[in-house]
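Thanks, everyone, for making the time this morning.

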Amino acid sequence: VAAIAVLKKYGGYDASGDEEEDVDFDELAAVDAPAESPDNEADGAAITSMLCSEAIMMSGNIGGDDDADPYDWSDAIKECKSLSRLAALSQCFLSKAYDVVARIELERGELDSLLGLNAKRQSRSKKASNIKKSRDSSVAIWCDSKLTDRLVKAKVTNYPWWPARVCEPLDPLIAEGVKDCGHIVISSVGNPGMFLVPEKDVVDFIEETEDDLSLDAEVATSLRESTAIAKKLWRRQ
């Protein structure tokens, strides 16, 4: 009933469309299942998916480098004309969203642990813990934050100087803890991850830094692509 009310409000409910757009959820779930190689498969030839292109595109919009934003999903829901299409869209979202939320919870827990916020949330008088100088800054963290326009270069453990944008935590406790321990939350350009980096390992984007000539080909390529994107962002400022 609630779903029909949503369709009537945003897209209109067409009951006849349910029969025309019947969705096989067993096939839809197969998008996320690992492919099994049959014993009689010749020469390791790949089996083409039998799913329609629309189902593949909906499933592929989550978890990739080009994630759909909230407006894309809102528009897609408003364009639904039948319950079957709304159900298919919801199933695609949920099948990937659980993994994303689980990863975010782990990364948020990592940040809280580093800053000693679990104890501080219980007692306002306690200060955030000091972060070890030898800490591996390549460990991903997450917090609800605002992505600023400030472009920098950041040195994350085991990586070269990388273009990044500074993030401002929205939680006052996290913002205070990050500032007190002399660190900065950054999001690497070309990488969806967030990292907690010492202030000494963050410089202005236009500042000259020493290039690491020992990079492997894959990292060097990613760095060139990220730098090209950062330069475009810089010119727009």
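Let me begin with C143, which counts as buried because its relative accessibility is 2%, and please keep in mind throughout that what we are looking at is a predicted model. C167 is buried as well, with a relative accessible area of 6%. How far is the sulfur of C167 from the closest cysteine sulfur? That closest sulfur belongs to C143 and lies 7.0 Å away, which is too far for a bond, since a disulfide requires the two sulfur atoms to be within 2.5 Å. By this rule the count of disulfides comes to 0, and C143, accordingly, is in none.

Turning to the histidine, H183 is found in strand β3, which covers residues 183–188. Is H183 buried or exposed? It counts as buried, because its relative accessibility is 9%. Its side chain reaches the backbone oxygen of C181 at 2.9 Å, and, if we leave aside neighbours within four places in sequence, H183 is in contact with I131, R135, V178, L196, V197, P198 and E199.

Finally, the helix: α6 runs over residues 83–115, and its 33 residues reach 46 Å from the first C-alpha to the last, close to the 48 Å expected at 1.5 Å a residue. Even so, α6 bends by about 30 degrees at A97, and A97 is one of the buried residues of this helix, which also include C92, E107 and D112. Just after α6, G116 takes a positive phi of about 65 degrees.

Notes
Residues numbered from 1 in each chain as written. Predicted model: local features only at pLDDT ≥ 70, side-chain atom pairs only at ≥ 80, totals over all residues. Heavy atoms only, no water. Helix = DSSP H or I, 4+ residues; strand = E, 2+ residues; numbered from the N terminus. Expected span 1.5 Å × (residues − 1). Bend = angle between axes of the 7 residues up to and from the residue. Buried < 20%, exposed > 50% of the residue type's maximum accessible area, 1.4 Å probe, protein only. Polar contact = N/O pair within 3.5 Å; in protein donor to acceptor, adjacent residues only side chain to side chain. Contact = heavy atoms within 4.5 Å.
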